[in-house]
Structure formats: C-alpha cells, structure tokens
Amino acid sequence: MTQSLTIARPDDWHLHLRDSAMLKAVLPETARHFDRAIIMPNLVPPVVTGAQAAAYRDRILSALPEDMAFEPLMTLYLTEDTDPADVAAAHTSGLIKAVKLYPAGATTNSASGVGDFDKVRAVLEKMAEIGLPLCVHGEVTDQDIDIFDREAVFIDRVLDPIRRATPGLRVVMEHITTSNGVDYVKSQAADLGATITTHHLIINRNHLLVGGIKPHYYCLPVAKRESHRLALRAAATSGDARFFLGTDSAPHTDPNKESACGCAGCFTATNTMPLLAHVFEEDGALSTLENFVSRNGPAFYRLPVNAGSMTLTKQNAPASFPAKIETEDGPVTVFDPGFDVYWTVDT
C-alpha cells in the first residue's frame with residue numbers, strides 16, 4: 001500500500017552552488033524540490049560586497065532552466081575588511097539575507113575568513129542593529145584541537161563570547177554535528193537557530209572510516225560519534241522551531257573528491273527530500289517533517305512560508321536516484337545513504 005505526505009514547499013537554508021559550469025549543472029537539482037535557498041558565498045574569489053552578491057545572484061538566475069522557479073537568498077562573506085555600511089545597504093535593498101562567518105582555514109575556500117574577531121566587531125554590531133543574521137561555520141582551527149572537538153571548542157571560545165558581546169545579534173549555527181551544539185541551542189532563549197544537514201542525520205564517523213576511507217562521506221564539519229548523530233536526529237525530528245534544514249549540499253567533481261587530499265563536501269541536493277522522509281518515518285516523526293523543512297527556517301529568517309506544496313509518496317519498491325550528475329567539469333557523485341529508500345517526490 002502506498003503512503004503519501006503533503007507539505008508546504010521546502011527551503012534549503014545552506015547551499016553551495018559554485019559557479020560557471022558547475023552552477024549550471026547542479027542548480028536544477030535544488031530547484032526541482034526547493035523554492036528558496038541560502039546561497040553560500042565562498043567562491044574564488046569570495047562574494048564580499050553587495051555588488052558582488054548582486055552579480056552572483058544574476059548568474060544564478062541566468063543558469064536557471066526556464067521551466068523552473070527558484071529564489072536564491074544571497075549572503076556576504078565576512079572578512080576582516082568588510083564594510084558595515086555596505087552590509088547595511090545590501091540588507092536594506094533586500095539583496096542579502098545573511099552574512100557568513102568562516103573562521104580562516106576552517107573549510108573549503110575559507111582562506112579569506114576571520115582570524116581576528118575584534119576586527120569584525122563593528123560589522124557584527126551593525127548586523128545586530130538591523131536584525132541581519134550571522135551564519136556561522138562553527139569550528140576553531142587551532143592545530144592543537146582535535147578535529148572531532150573543534151565544534152564544541154568553538155562554542156565556548158568563540159561563539160558564546162561573540163553573542164555575549166553583541167546583544168541582539170541573530171545567529172544561525174550552521175550544520176551542527178554534536179550534542180554540544182544541540183544543547184547550546186536549547187539553552188539559549190532567543191536569537192539563535194541551527195541548521196542540520198541530511199547527511200549528518202544518516203552517517204557517523206564509522207561510515208566514513210570503517211572498512212576503508214569513503215571520500216564521498218567526507219565533509220566539514222566531519223561526521224562525529226553515533227551518540228552525536230542520534231542527538232541531531234532527536235533535534236531535527238522534535239519539531240523545535242530552532243532547528244531547520246540546511247543541506248550544505250556541496251558539489252565537487254569525483255577527481256577532486258577521490259584524491260590524495262580530497263575535498264570536503266557531500267552532494268545531497270538530488271535526493272535530500274526522500275532521504276529525510278525515510279529518516280523521519282524511521283523515527284516515527286513524519287508529522288514534524290514539514291516544520292523542519294518548510295516552516296522553522298522561514299520563521300527564523302522572518303520570511304513567509306512558501307505558498308506551494310510538495311507531495312512525497314512511499315512506494316513498495318525501492319526508489320532509484322542517479323549515482324552521478326554530469327557536469328562540464330566532470331562527474332559529481334550523489335550522496336548514497338547505504339540503504340534502500342522507498343520515498344519519492346511526486347512530479
């Protein structure tokens with residue numbers, strides 16, 4: 001017997017589209033299922049000014065197939081030279097919906113990120129004043145901190161001090177991976193939300209490392225222990241408005257993933273919604289899926305819920321998804337959860 005679930009059209013609150021040929025190839029994979037997405041600015045060079053964000057938005061819309069509708073929600077890349085006035089102007093015009101903080105060296109194309117947080121204090125104060133959210137890649141980059149501890153240490157050493165020093169600053173802890181992140185969000189009264197990725201709900205560090213290194217499961221922040229994965233599942237399926245979907249879908253060509261120094265990122269845009277239906281059903285929480293993918297994010301960003309709807313159907317036979325997306329730069333492997341999925345999105 002088939003089973004179906006109809007929800008408001010979802011959004012993705014953390015997405016990498018890249019640029020040029022890669023952008024053209026992967027954009028339809030998101031636009032097919034998501035009405036809007038927060039677009040990451042870590043291009044080379046990064047998107048640091050309002051003018052650059054406007055130009056990138058235009059390139060995204062130019063790459064969108066004519067039969068698809070999609071709204072890119074633009075962000076600026078925070079640097080130690082970011083101009084508070086430019087940030088405020090881009091926000092007032094409606095161009096940007098957030099500013100992205102990358103600690104220098106934390107992840108892909110983060111070399112231009114922040115090393116001295118005192119140098120961005122004026123920007124953060126302006127953002128608090130105008131209500132513009134700060135999206136945070138929450139990891140320290142100190143060489144003496146174990147990679148599996150970098151999120152927890154970031155909360156104590158960087159995030160909490162920033163928030164205490166900047167009252168009213170609205171913050172999204174992006175792609176949280178630990179019970180520490182979940183607990184910190186729950187402990188705060190206001191102005192703090194968190195995105196959770198599809199892949200961090202499915203894999204732990206054993207999936208990445210046991211039986212050989214799985215390069216297509218390698219991401220940053222890296223997957224953690226099973227206890228942390230279960231904490232993320234509980235948060236995502238709880239219906240709590242502070243947690244919402246940010247896929248962090250990050251395309252890299254296979255040669256760049258399957259190399260001696262493979263790139264970090266999982267490409268989940270193609271099959272995220274069926275995978276989430278599987279996860280939420282497995283946890284007996286299909287009734288809260290709409291909150292996680294369609295309602296909590298717009299509430300935090302002070303945007304309306306999408307007017308359209310999406311229907312997911314559970315079939316008797318396993319669904320099939322493409323193993324790869326072909327691009328002019330080379331193939332991109334679609335995230336494989338390692339189990340059969342029976343949910344599909346109705347077209």
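Me: By class, how many nonpolar, polar and charged residues does the lining of the largest pocket have?

Reply: This is a predicted model, where local features need pLDDT of at least 70, side-chain atom pairs count only at pLDDT 80 or more, and totals for chains, interfaces and linings use all residues. Residues are numbered from 1 along each chain as its sequence is written, and side-chain values use heavy atoms, with hydrogens and water left out. Ala, Val, Leu, Ile, Met, Phe, Trp, Tyr, Cys and Pro count as nonpolar, Asp, Glu, Lys and Arg as charged, and the others, Gly among them, as polar. For the largest pocket, that gives 7 nonpolar, 4 polar and 1 charged.

Me: What volume does the largest pocket have?

Reply: On a 1 Å grid over the protein atoms alone, a pocket is an open set of points with protein on both sides within 12 Å along at least five of seven lines; a cavity is a set where a 1.4 Å probe fits but cannot get out; lining residues have an atom within 4 Å of a point. Points are joined across faces, edges and corners, and the space filled by probe spheres set on them is the volume. For the largest pocket, the volume is about 250 Å³.

Me: Of the residues that line the largest pocket, which are the closest to its centre?

Reply: The lining holds 12 residues. The closest to the centre are Tyr218, Cys261, Gly262, Cys263 and Ala264.

Me: How much space lies in the largest cavity?

Reply: The whole structure has 3 cavities of 30 Å³ or more. The lining of the largest one has 6 nonpolar, 9 polar and 3 charged residues. Its space is about 130 Å³.

Me: Which cysteine lines the second largest cavity?

Reply: This cavity holds about 70 Å³. Its lining includes His216, Lys257 and Phe335.

Me: Is Cys219 buried or exposed?

Reply: Buried means under 20% relative accessible area, exposed over 50%, and partly exposed in between (1.4 Å probe, protein chains only). Cys219 has 1% relative accessibility, so it counts as buried.

Me: Which residue of E5 is the bridge partner of Leu76?

Reply: Strands (E, at least two residues) and helices (H or I, at least four) are DSSP runs, numbered from the N terminus. Two strands pair if DSSP finds at least two bridges between them; E4 (residues 71–77) and E5 have 4, in the parallel sense. Strand E5 (residues 96–101) has 6 of 6 residues buried, so it is largely enclosed by the rest of the structure. The partner of Leu76 is Val99.

Me: Which residues is Ala277 in contact with, leaving aside neighbours within four places in sequence?

Reply: Ala277 sits in helix H10 (residues 272–282). It is buried, at 1% relative accessible area. Contact means heavy atoms within 4.5 Å. By that rule Ala277 touches Leu286, Leu289, Leu312 and Trp343.
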